[in-house]
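Subject: Handing over the model

Hello,

Here is the structure I promised you. Please open it beside this email and follow along.

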Amino acid sequence: MGNIKVIAFTLGNEEYGLNIDHVQSIERLSPITRVPNVPNYVKGLINLRGSVIPIIDLQNKLELGEGQYTENSRMIIVKYEEIELGLIVEKTSNVINVDTDSIEPAASSGVNTDFFEGIAKYEGRLIILVKIEELMKSEGNEADAED
């Protein structure tokens with residue numbers, strides 16, 4: 001089937017991956033403007049080169065506990081359709097080429113499949129692939145419950 005390019009990053013002790021097609025940039029943490037009445041995992045807004053982008057703590061959003069921020073923490077700025085979103089991750093590692101044949105469907109692995117496309121096997125590592133469409137849908141469209 002071919003390869004997909006994935007940016008690998010860490011949350012807790014696990015490695016995750018995001019399809020590079022949706023990644024705009026990777027930024028250092030910058031001051032975040034808090035906003036009232038938002039879910040706990042929404043950290044606020046940043047102004048990035050003239051765009052106002054909501055920032056979420058991905059670890060918290062995926063119900064993996066509270067993110068620990070260090071100088072290695074990064075914001076992965078992703079865009080899906082017209083929505084831009086910043087995902088705070090513990091650290092990013094590298095861009096890897098994942099052979100699509102090496103991806104196990106998420107359902108067969110027993111993980112909650114809402115936000116995960118599958119598990120990629122890469123050089124002895126297991127990388128959980130995040131389904132950006134679902135993540136964005138859950139952020140951008142809480143109002144329209146057409147499913």
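Two strands pair if DSSP finds at least two bridges between them. Helices (H or I, at least four residues) and strands (E, at least two) are DSSP runs, numbered from the N terminus. Strands of a sheet pair through backbone hydrogen bonds, either parallel or antiparallel.

Before the findings, some ground rules. This is a predicted model: local features need pLDDT of at least 70, side-chain atom pairs count only at pLDDT 80 or more, and totals for chains, interfaces and linings use all residues. Residues are numbered from 1 along each chain as its sequence is written, and side-chain values use heavy atoms, with hydrogens and water left out.

Start with strand E1, residues 3-11. E1 pairs with E2 in the antiparallel sense, over six bridges. Look at Val 6: its bridge partner in E2 is Asn 19. Now widen the view. The open sheet has six strands in the order E8-E1-E2-E11-E10-E9, and the pairing is mixed. Its edge strands are E8 (91-99) and E9 (103-105), each pairing on one side only. Neighbouring strands of this sheet are turned by 35° against each other on average, direction ignored. For such angles, axes are lines fitted to C-alpha atoms (for helices over the stretch in contact), and angles run from 0 to 180 degrees between N-to-C directions.

**The aromatic cluster**

Next, the rings. Rings of Phe, Tyr and Trp (its six-membered ring) pair if their centres lie within 6.5 Å; planes under 30 degrees apart count as stacked, over 60 as edge-to-face and the rest as tilted. By this rule there are two aromatic pairs. Phe 9 and Tyr 16 are stacked, because their ring centres are 6.0 Å apart and their planes are at 20°. Tyr 16 and Phe 116 are tilted, with 6.1 Å centre to centre and 35° between the planes. Tyr 16 lies in strand E2 (residues 14-19) and Phe 116 in strand E10, so this pair ties together parts that are 100 residues apart in sequence. Phe 9, Tyr 16 and Phe 116 form one aromatic cluster.

Phe 9 and Tyr 16 are both buried. Tyr 16 has a relative accessible area of 3%. Phe 116 counts as buried too, at 10%.

**The five-stranded sheet**

An open sheet of five strands runs in the order E3-E6-E7-E5-E4, with mixed pairing. Here the edge strands are E3 (23-28) and E4 (42-48), and each pairs on one side only. On average, neighbouring strands are turned by 30° against each other, direction ignored. E3 pairs with E6 (residues 74-80) in the antiparallel sense, over five bridges. Arg 28 stands opposite Arg 74 in E6.

Most residues other than glycine have a negative phi. Which residue has a positive phi of about 60° although it is not a glycine? That is Glu 63. Glu 63 sits in the loop between helix H1 (58-61) and E6. Glu 63 is exposed, with a relative accessible area of 73%.

Glu 123 has a positive phi of about 45°, and it is not a glycine either. Look for Glu 123 in the loop between E10 (116-122) and E11 (125-130). At 67% relative accessibility, Glu 123 counts as exposed.

Best wishes

Technical notes: Buried < 20%, exposed > 50% of the residue type's maximum accessible area, 1.4 Å probe, protein only.
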